[in-house]
Structure formats: structure tokens, C-alpha cells
Amino acid sequence: MRSDAREAAFQIVFARLFHGDCTENFRNALYKKANLNKEETAFAERLVALATEHEAEFLELLTQKVTGYSEQRIYPADKAAMLVALAEIKYCDDVPPVVSVSEATAIAKKYSAENSAAFVNGVLGGIINS
């Protein structure tokens, strides 16, 4: 299921925010734990690669859209969820942007603070509607 692949990609991107690059063994353990098949694993790897490759671009976009404070003040879980969503929104034509926003909102609701889902939804909604 792509939702599980997104969640695994989120976990890898989140870990990268603290530890830099994640090893192949770490990624594979997450994929195994999530019971991802080959197609889902490839999708997750694609999201991680896009989020990593375009991280500076995405962080600049977040800085522009999050008014009142810098991207460094965004909760790491929210940031990771939005980086994965932005990878989809900007570079995955086969995924409707509203799906990416909805999935990121669900991830923020599961892994972050009480108001994070609304924050993530608002920021990403502002990006896709601009």
C-alpha cells in the first residue's frame, strides 16, 4: 500500500534530519517492518531520493510559505512529512497533490504534536494552491 511506503519514507527522512544518511540496512529493516512489496519499496526509495536531492529547494519553499518564523523552528516530524509530500507534489506526476497533502496530514497526526496536522495541511495546501 502506498500509504505504508510513504510512512516508511517519512521515517527515513525523519532519521536523516538527525543522523545524516541512513544505511541500506536501516532502510531495508523499515521496509520489512512495513511489509512493503517490491513496488512499494521502489516508491518509498523514490520519495526518499527526491526528498534528499531537492531538500534545499523544499526548505526554501517552506521558509517562503511559513510566515512568522524560519523553517528551523518547524517540528522535525512536520518537516519530514512535508519534505516527503513536496517530493510527490513537485516530482511525481502520477500522484494528485491533494493525495500527498492528505497523506502528509495523516502522518503528522500520527507522529507529531496535537496541532501539527492542521499546520501541515495549511502549509501544503498553500503551496499547491499558489
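Residues are numbered from 1 along each chain as its sequence is written, and side-chain values use heavy atoms, with hydrogens and water left out. Because the model is predicted, local features need pLDDT of at least 70 and side-chain atom pairs count only at pLDDT 80 or more, while totals for chains, interfaces and linings use all residues.

Helices are DSSP runs of H or I with at least four residues, strands are runs of E with at least two, and both are numbered from the N terminus. Helix α5 covers residues 76–91 and helix α6 covers residues 97–111; their axes come within 9 Å and cross at roughly 165°. Axes here are lines fitted to C-alpha atoms, for helices over the stretch in contact, and angles run from 0 to 180 degrees between N-to-C directions. The crossing angle makes α5 roughly antiparallel to α6; angles over 145 degrees count as roughly antiparallel, under 35 as roughly parallel, 65 to 115 as roughly perpendicular, and the rest as oblique. The crossing of α5 with α6 is right-handed. A crossing is right-handed if the near helix is turned clockwise from the far one by less than a right angle, and left-handed if anticlockwise.

On the α5 side of this contact are A77, D78, A81, A85, E88 and I89, and on the α6 side are P97, S100, V101, A104, I107, A108 and Y111. The residues of the contact of α5 with α6 comprise 10 nonpolar, 1 polar and 2 charged. In this division, Ala, Val, Leu, Ile, Met, Phe, Trp, Tyr, Cys and Pro count as nonpolar, Asp, Glu, Lys and Arg as charged, and the others, Gly among them, as polar. Contact means heavy atoms within 4.5 Å.

S100 belongs to helix α6. This residue is buried, with a relative accessible area of 1%; buried means under 20% relative accessible area, exposed over 50%, and partly exposed in between, for a 1.4 Å probe and protein chains only. Not counting residues up to four places away in sequence, S100 touches A85, E88, I89 and V95.

Helix α5 also packs against helix α7 (residues 116–128), at an angle of about 30° and with the axes 11 Å apart. At this angle α5 is roughly parallel to α7. The crossing of α5 with α7 is right-handed. From α5, the residues D78, M82, A85, L86 and I89 meet S116, F119, V120, V123, L124, I127 and I128 of α7. The contact of α5 with α7 divides into 10 nonpolar residues, 1 polar and 1 charged.

The structure contains 4 aromatic pairs. Rings of Phe, Tyr and Trp (its six-membered ring) pair if their centres lie within 6.5 Å; planes under 30 degrees apart count as stacked, over 60 as edge-to-face, and the rest as tilted. One of the pairs joins F10 and Y111, with 4.9 Å centre to centre and 40° between the planes, and is tilted. F10 lies in helix α1 (residues 2–19) and Y111 in helix α6, so this pair ties together parts that are 101 residues apart in sequence. F10 is buried, at 3% relative accessible area, whereas Y111 is partly exposed, at 31%. The ring centres of F14 and F18 are 5.2 Å apart and their planes stand at 65°, so this pair is edge-to-face. F14 and F18 are 4 residues apart in helix α1, which means a separation of about one helical turn. F14 is partly exposed, with a relative accessible area of 29%. F10, F14, F18 and Y111 form one aromatic cluster.

Q11 is also found in helix α1 and is partly exposed, with a relative accessible area of 22%. Apart from neighbours within four places in sequence, Q11 is in contact with L30 and Y111. Between Q11 and E57 there are 46 residues of sequence separation and 20 Å in space, C-alpha to C-alpha.

E45 is placed in helix α3 and counts as partly exposed at 28% relative accessibility. Its contacts, leaving aside neighbours within four places in sequence, are R27 and Y31. E45 and Q64 lie 19 residues apart in sequence and 27 Å apart in space, C-alpha to C-alpha. N35 is in the loop between α2 (24–33) and α3 (38–53). Although N35 is not a glycine, N35 has a positive phi of about 55°. N35 is exposed, with a relative accessible area of 66%.
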